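Here's a quick briefing on the insides of this one: cavities, cores and a strand. Have a look at the sequence and model first.

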Amino acid sequence: MMKKSFGKKNLALMIVLSTLTVALAGCSGNKAEESAQSTDAALNVSAQDSTDVSDAGQEVTGEADDSSITIGIPQDLDSLDPHLATGAGTSEVLFNLFEGLVKPDENGNLNPAVASEYTISDDGSVYTFTLRDGITFHDGSLVTVEDIKYSIDRCAGTDGSEPLISAFSNIDSVNIVDDSHVEIVLKEPNTEFLAYLTVAIIPASNTDSETNPIGTGPYMYVSRSPQENFVVTRYDGYWGDAAYIKDVTFKVEANADTIVMDLESGSIDMFARATTTQVANLSDNFEVYEGTMNLVQALYLNNAVEPFDNELVRQALCYALDPQNVMDFVSDGKGTEIGSAMFPSFGKYFDESLNDTYNTDTEKAKELLAEAGYSDGFTFTITVPSNYTQHVDTAQVLVEQFKAIGVTAEIQQVEWNTWLSDVYQARNYQATVVGVDASTLTGYSLLSRYQSTAKNNFVNFSSEAYDETFAKAIAATDDAEKTTYYKECLKILSEEAASVYIQDLPEFVVLNKKYTGYTFYPLYVQDISKIRLAE
């Protein structure tokens, strides 16, 4: 028998929103935090509910007009193909063009999108989706069940290729039931799997998503000038609430020193993740929205290279860290200390006690270095993407803190594309400061990358204890049991010092007062459809 999970109102992938929303799918995170239930709990609740999942027919409420807006982004998009995009900064922009079978909202709920409803089998191994009637792609063609199967198969690598999404390796088959229904059968039950079905549904007929991206979202592609801008326009055939603003230009603003000047001159109207210094230099023509980035900022260490292949050395750097000192310098004391690879938005998984695994202790740090054979310290390089001011500033503080234990850190600033290729993809680095976000509201999303064989394990962390515990977390179908294993994974990452965990950064979004409606999300997205002209 199939249990119907619930939809728009009740599918509470509720992750608390007391502090809100930059980062990496690779780099600079975002997200909303905190409150009640987090992803797994919500999915388990919904899988046990007998209510039908549907959107109950959304009305188009947006008062569309012919206005335009220019939004500054800190780096260029790394791909226009939503299945191949790596950087979180890319994903947050493409959110406006693409949708999955389900789609997250600002409260952390997963709502039907390309699908109008879905059912989940009692054991969590079969997911069946109903195609939304009449939904179209940006080229005007109807979305079909063949498009759904193509998109999921492509990400799952069912043709024998490497899965583009690691969680999709659990897909056994994607089956077309009829013209309106698609069934996804898993190899093993997974109560978190619905959250991964936010993956973009694209036309099976489009053989070049890189230069001609076509989705179903509220905005459609117009043009792109590499390293300059990405332009979209409102899709008037959108199935849901129409976007207010018609034309949107995402302008690459890689030079942090010019952001305030460009805001004041009017060449950009909005910039997310401004620094406290930039905010302080703004005129009163701007509204500043304050939330949290919802990411794990850390000094990420390459565990496969000397001296960071030595756990004692990694632990020594953790003892040398003073998180509050970092926050005082980088963001006037704002931010949330974190002691492992999870940020507070993931309420039930976040373990604040791990903040005390390493309290600042320079003498202990020196003892560990001596034990590891580095009594005279060592020198290493921190490679930082130059377009993320907060990460560069954090690296500068760490340089000073490590001097106290006889360790010399040197900063190498690189362009984002270089960071992406050399550090994240090639793993050719010693240490880096970035923020890692979650692509979905699941414990798996943040923790799967630390498996020793994970293709996105850019820190090369390898721990038998971690692999075994993570495998138990994946296999668990009981939410409480899964949560226990995930928290044990976090404890292992902290105690084995996979990296030097620092904070979840505060986020300041600057918006010209000509506009209003900016909304934080618990994921790394910028939902431009909600922004409108102020009255």
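A cavity here is a set of points on a 1 Å grid over the protein atoms alone where a 1.4 Å probe fits but cannot get out, and its volume is the space filled by probe spheres set on the points, which are joined across faces, edges and corners. Keep in mind that this is a predicted model, where local features need pLDDT of at least 70 and side-chain atom pairs count only at pLDDT 80 or more, while totals for chains, interfaces and linings use all residues. Residues are numbered from 1 along each chain as its sequence is written, and side-chain values use heavy atoms, with hydrogens and water left out.

- The largest cavity has a volume of about 130 Å³.
- It has 13 lining residues, and Leu321, Ile338, Gly339, Tyr358 and Tyr501 are the closest to its centre.
- By class, the lining of the largest cavity has eight nonpolar, four polar and one charged.

**Nonpolar cores**
- A nonpolar core is a set of buried Ala, Val, Leu, Ile, Met, Phe, Trp, Tyr and Cys residues joined through side-chain atoms within 4.5 Å, where buried means under 20% relative accessible area with a 1.4 Å probe, protein chains only.
- The largest one holds 79 residues, and those touching the most other members are Phe129, Ile152, Phe168, Ile184, Leu197, Leu447 and Tyr450.
- There's also a second, separate core of 38 residues, which includes Phe308, Val384, Ala497 and Leu505.

**Strand 6**
- Six of the six residues of strand 6 (residues 126–131) are buried, so this strand is largely enclosed by the rest of the structure; strands are DSSP runs (E, at least two residues), numbered from the N terminus.
- Val126, Thr128 and Thr130 point one way, and Tyr127, Phe129 and Leu131 the other.
- Strand 6 runs antiparallel to strand 5 (residues 115–121), with five bridges joining them; pairing takes at least two DSSP bridges.
- Ala115 has Leu131 as its bridge partner in strand 6.
- Five bridges also join strand 6 to strand 8 (residues 181–186), again antiparallel.

Key: 1 Å grid on protein atoms, 1.4 Å probe; cavity = no way out; pocket = protein on both sides within 12 Å on 5 of 7 lines; lining within 4 Å. Nonpolar A, V, L, I, M, F, W, Y, C, P; charged D, E, K, R; others polar. Buried < 20%, exposed > 50% of the residue type's maximum accessible area, 1.4 Å probe, protein only. Helix = DSSP H or I, 4+ residues; strand = E, 2+ residues; numbered from the N terminus.
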